[in-house]
Amino acid sequence: MPAYHSKFNKAEVRIIGKMALLPIKPSPTVKGTAPVATPDDIDIIDEVIETFRANILFRNYEVKGPADLILIYLTVYCTQLLNKIKGKSSLESAKIAYALAIENFKLPGEPAFPLGGMVAAPASRSDADTLRAYLTHARQELGVRLVAEVFKGTDGKQPSKWWMQFSKLKFLDLEIK
């Protein structure tokens with residue numbers, strides 16, 4: 001069974017450091033600088049959540065386009081977030097997700113960036129700032145939607161065991177530090 005690749009690999013979008021800046025659905029709780037997707041379409045955040053439990057099982061992944069790099073990065077971030085919210089309530093998890101999304105993180109070209117040789121450093125300081133703003137927005141949006149998904153059908157006191165069982169696995173043996 002092959003890994004799931006992004007449906008957005010052929011999309012005409014801005015690319016910084018080999019990573020595609022894909023549209024994200026507008027959200028009432030998250031404001032950001034990402035291009036706006038139509039509310040009825042699937043965006044990269046929905047795609048990460050849909051493919052997470054299948055893709056997390058793979059140790060190898062063939063990158064077929066710039067959208068796959070965003071998919072990989074957000075899948076690794078999703079694992080980090082699941083580990084942080086383990087055993088927490090939905091309210092606590094939402095706070096943890098927000099704090100984790102806005103904390104300082106490494107960009108492509110910096111030594112501890114998890115995708116290392118798969119990406120290139122941004123060409124200029126303004127590109128780096130644009131990429132940081134985009135990734136922060138994507139991390140915030142993923143946090144909001146993932147917490148809602150993980151606590152769907154529960155009492156809000158414990159996350160779903162069907163999601164938390166995947167928190168022990170590492171996608172491509174990568175982690176965000």
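This is a predicted model: local features need pLDDT of at least 70, side-chain atom pairs count only at pLDDT 80 or more; totals for chains, interfaces and linings use all residues.
Reader: Let's start with α3. Which residues does α3 cover, and how far does α3 reach?
Author: Helix α3 runs over residues 90-102, 13 residues in total. From first C-alpha to last, α3 reaches 19 Å. That is close to the 18 Å expected at 1.5 Å a residue.

Reader: Which residues in α3 are buried?
Author: Ser 93, Ala 97, Leu 100 and Ala 101. They sit on the same side of α3, because they cover an arc of only 100° around the axis.

Reader: And what does the face turned away from the buried side carry?
Author: That face of α3 carries the exposed residues Leu 91 and Lys 95.

Reader: Lys 95, then. Why does Lys 95 count as exposed?
Author: Its relative accessibility is 58%. The cut-off for exposed is over 50%, so Lys 95 counts as exposed.

Reader: How far is Lys 95 from Gln 140?
Author: In space, 11 Å from C-alpha to C-alpha. In sequence, Lys 95 and Gln 140 are 45 residues apart.

Reader: Back to the buried side of α3. What do the buried residues pack against?
Author: Two helices: α2, residues 66-85, and α4, residues 125-150.

Reader: Take α4. How do the axes of α3 and α4 cross?
Author: At roughly 170°, and the axes come within 8 Å. That angle makes α3 roughly antiparallel to α4. The crossing of α3 past α4 is right-handed.

Reader: Which residues meet there?
Author: On the α3 side, Ser 90, Ser 93, Ala 94, Ala 97, Tyr 98, Leu 100, Ala 101 and Ile 102. They meet Thr 136, Arg 139, Gln 140, Gly 143 and Val 147 in α4.

Reader: What about α1 and α4? At what angle do their axes cross?
Author: Roughly 50°. Helix α1 is residues 44-55, and its axis comes within 10 Å of that of α4. The two helices are therefore oblique to each other. Here too the crossing is described: α1 passes α4 in a right-handed one.

Reader: Which residues make that contact?
Author: From α1, Ile 44, Ile 45, Asp 46, Val 48 and Ile 49. From α4, Tyr 134, Ala 138, Glu 141, Leu 142, Arg 145, Leu 146 and Glu 149.

Reader: Now α2. How many of its residues are buried?
Author: 17 of the 20, so α2 is largely enclosed by the rest of the structure. Helix α2 reaches 29 Å from its first C-alpha to its last, close to the expected 28 Å.

Reader: What follows α2?
Author: Gly 87 does, and its phi is positive, near 80°.

Reader: Where does Ser 89 lie?
Author: In the loop between α2 and α3. Ser 89 counts as buried, at 18% relative accessibility. Leaving aside neighbours within four places in sequence, Ser 89 contacts Phe 151, Gly 156 and Lys 157.

Reader: Change of topic: Ile 16. Buried or exposed?
Author: Ile 16 is buried, with a relative accessible area of 2%. Ile 16 lies in strand β1, residues 15-16.

Reader: What does Ile 16 touch?
Author: Leu 21, Pro 122, Asp 127, Thr 130 and Leu 131, not counting residues up to four places away in sequence. Asp 127 is 111 residues from Ile 16 along the chain, yet their C-alpha atoms are separated by 6.6 Å.

Terms used: Residues are numbered from 1 along each chain as its sequence is written. Side-chain values use heavy atoms; hydrogens and water are left out. Helices (H or I, at least four residues) and strands (E, at least two) are DSSP runs, numbered from the N terminus. The expected span of a helix is 1.5 Å times one less than its number of residues. Buried means under 20% relative accessible area, exposed over 50%, partly exposed in between (1.4 Å probe, protein chains only). The arc is that of the directions from the helix axis to the C-beta atoms. Contact means heavy atoms within 4.5 Å. Axes are lines fitted to C-alpha atoms, for helices over the stretch in contact, and angles run from 0 to 180 degrees between N-to-C directions. Angles under 35 degrees count as roughly parallel, over 145 as roughly antiparallel, 65 to 115 as roughly perpendicular and the rest as oblique. A crossing is left-handed if the near helix is turned anticlockwise from the far one by less than a right angle, and right-handed if clockwise.
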